[in-house]
Amino acid sequence: MAVTLEKDGSIAVVTVDSPPVNALSRDLRQELIDAAEAADADPDIEAVVLMGAGRAFIAGADVSEFDRLPEPPHLPDVVARIETAKKPWIAAIHGAALGGGMEVALGCRFRIAAPGTRLGFPEVALGVVPGAGGTVRTPRLVGFDKAVALVTGGKPVGEEEAKAIGLIDAIAEGDLRQAALSFARAALGKPMPSPLAARDVAAPHEGFWVEAETRLAKRGEGAARLRALACLKRAAEADFAAAMAHERATFLELRASDEAAALRHVFFAERAASRPPELKGIEPRPIRSAGVVGGGTMGAGIALALRRTGLPVVLLERDEAAAARGLDNFRDLVGGMVKRALVSEPEADELLAGLSVTTEIRALGDADLVIEAVFEEIGVKRDVFARLDGVCRPDAILATNTSYLDPRRIVAGLGDPERYVGLHFFSPAHVMKLLEIVPLPETAPEVLATAFALAARLGKVPVKAGICEGFIGNRILKRYRAAAEDLLRQGAAIADIDAAMRGFGFRMGPFEAQDMGGLDIAYLQREGARAAGEPVLETLADILVRVGRKGRKTGAGWYDYAESAAAPTPSSEVGELLAAHVGGGPSLSGEAIAARLVSEMAEEGAAILAEGIAVAAKDIDLVEIHGYGFPRWRGGPMFHASRRGAKRFADDLGRPPSPALAAFLSAG
Ligand code: NAI
């Protein structure tokens, strides 16, 4: 039995005990109804305290049931059964009451929570809306303003905020069970509040719904948030039963939608990413201190990411002037976080206090981990690693943040090849969630396990990548940009291509994004390869860089910028520069443009998969979502491709899929 009932005087304590997080499985739902029947039938019981055993009250729905049809008893009936019980129920919450767990708590007459509890409705993050009264009871408890924020925002709140907005009645100090029992006894002596289903709710102010809808439409994160808003609106306009029926119908419809399937796919991919099966049972090495070499864009960001986990960090630069710049870079990043209220002033001081900047490589002698982020030049990197090899402890892990270079070449000939690994961060490194982990053939399993443990500690999504130029993400990026240039050559307008990708759900199109990051980085990389005698095709971007159009920072790139913060304006100079290269092909709709470019990403992804550079298609999806702005609610390029299938894919691409992609599509 997952649900037990015991009596403490006239109060029943109903405990849900279904590890790990008391998810609302079918059995558990039935047992909750049984407990309500039993409590109602027992004349000695005056009130019921509902608690969760273990880590949480009730963390939410049972994710393993997501892909099956819902089985009775359905959650709305469970919540209604608790709400209409003859005795008042008190939810005594710890850990988490999320989604269905929160809805069960709303069926109770009172809610008290222990410190450290998270409460709320993350449903929209999985592409659905609450399905058991969350959108109907919440406004009756906290009003529409707060309910809209909770339900459409999807972000849980802590107990303090929950208390402040009226989502819970009290915060339990000390033992939760005792606090709940005392609360129940005190409540019994007072007039009982009516159940939420029976309460009226004040309509929001004029224009409220239009404002909320505009705000959400601007976020552009798929349909679920807007549908949740529509459910809340219905709760304002219809009676309780009608609003409940509307919410349930919306929930069931969205549950079967592409968007929900995509978000579930990403959810499971993220969970799997942090624990690769081949590392099971392998102990990571402890990391107590870290070094970073190079205090530029990436080094400063990596140092900050490490500092935020509390690790002391030594930042090595090549000379005093560069060291001073490195410290400034770090300070600027911290200052930016203070400005955005992400850290407080004292926290900022703390972050700075734990960083020491040096030009002495010996200062890295004690570090457990050193991450190199110097110029992307093989000679410079080889020299850094040779010197690190000389001063670092033999058990220290040495990592490179290279974007394109082969890590094997960087450390060739150095001692103990087992201790090297690629750790490819994304800019800004203290913000972006992706971490590509690139093992060398000799990398020790425990070094790899440490890299994954570090990713978890940094709050990153780790993806293992094999060695090739650009690893997973930059290799797909190259293909994506080339495909965008192809469309341009065929006559599509720069602004139309960007708009099409925004329409698909990216924050920026490929050309805007290049202008933001700077066109010169990839240009220099191509020039380097050309100088080394590699065959590198001339790109349209090369033409722009050669006349100094390097992006926003030069006021000109694919677009003109009156100033760096100004909106991109189509450029007549670019029109002239490229006139000889672009043709008048058939004009394409935004959808066709997006379909083509996303298909090209999937094409490259399939090649990456076939070559074993990525372990699984879902890893490629994670790379694109967490490193390159692919809309999460589309599930990533591989998921998207598998949903579209081979036939539509051929239409999107304008040619049959490659053998690698065809194999991937038929396997899916
Ligand atoms: P950056 O030019 O901003 O910074 C490089 C820093 O390394 C400079 O501060 C320089 O003084 C320092 N440095 C050079 N030689 C050194 C030496 N021998 N010892 C100590 N410090 C030295 O470059 P950025 O953008 O930070 O890139 C660094 C590395 O990260 C490159 O390998 C790059 O490919 C990679 N990367 C860059 C990304 C980006 O978006 N900028 C993203 C992911 C990786």
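The structure holds eleven aromatic pairs. Rings of Phe, Tyr and Trp (its six-membered ring) are paired if their centres lie within 6.5 Å; planes under 30 degrees apart are stacked, over 60 edge-to-face, and the rest tilted. The model is predicted: local features need pLDDT of at least 70 and side-chain atom pairs pLDDT 80 or more, while totals for chains, interfaces and linings use all residues. Residues are numbered from 1 along each chain as its sequence is written, and side-chain values use heavy atoms, with hydrogens and water left out.

One of the pairs is formed by Phe-144 and Trp-209. The ring centres are 5.5 Å apart and the planes stand at 75°, so this pair is edge-to-face. Phe-144 belongs to helix α4 and Trp-209 to helix α7 (residues 208-219). The pair thus links distant parts of the chain, 65 residues apart. Helices (H or I, at least four residues) and strands (E, at least two) are DSSP runs, numbered from the N terminus. Both Phe-144 and Trp-209 are buried. Buried denotes under 20% relative accessible area, exposed over 50%, and partly exposed in between (1.4 Å probe, protein chains only).

A single aromatic cluster comprises Tyr-480, Phe-504, Phe-506 and Phe-630. Arg-634 lies over the face of Phe-504, 4.1 Å from the ring centre. The criterion is NZ of Lys or CZ of Arg within 6 Å of the ring centre and within 35 degrees of the ring normal.

Helix α4 (residues 134-153) also packs with helix α9 (residues 240-255): their axes come within 8 Å and cross at roughly 135°. That angle makes α4 oblique to α9. Axes are lines fitted to C-alpha atoms, for helices over the stretch in contact, and angles run from 0 to 180 degrees between N-to-C directions. Angles under 35 degrees are roughly parallel, over 145 roughly antiparallel, 65 to 115 roughly perpendicular, and the rest oblique. From α4, Gly-134, Thr-135, Val-136, Arg-137 and Arg-140 meet Phe-240, Ala-243, Met-244 and Glu-247 of α9. Contact requires heavy atoms within 4.5 Å. By class, this contact has four nonpolar, two polar and three charged residues. Ala, Val, Leu, Ile, Met, Phe, Trp, Tyr, Cys and Pro are nonpolar; Asp, Glu, Lys and Arg are charged; the others, Gly among them, are polar.

Helix α3 (residues 100-107) is mostly covered, with eight of its eight residues buried. These are Gly-100, Gly-101, Met-102, Glu-103, Val-104, Ala-105, Leu-106 and Gly-107. Phe-385, in helix α14 (residues 378-391), is buried at 1% relative accessibility. Not counting residues up to four places away in sequence, Phe-385 touches Glu-372, Leu-398, Ala-399, Thr-400, Ile-410, Val-411, Leu-414 and Tyr-420. The C-alpha atoms of Phe-385 and Ala-412 are separated by 9.7 Å, at 27 residues apart along the chain.

Backbone geometry was examined next. Most residues other than glycine have a negative phi, and most peptide bonds are trans. The Pro-72 to Pro-73 bond is cis, with omega near 0°. Pro-73 sits in the loop between β3 (47-52) and α2 (75-83). Ser-427 and Pro-428 are also joined by a cis bond, with omega about -5°. Pro-428 lies in the loop between β15 (420-424) and β16 (434-439).

Asn-22 has a positive phi, near 55°. Its place is the loop between β2 (11-16) and α1 (26-41). Asn-22 is buried, at 0% relative accessibility. Ala-341 has a positive phi near 60° and lies in the loop between α12 (320-339) and α13 (345-353). Ala-341 is exposed, with a relative accessible area of 64%.
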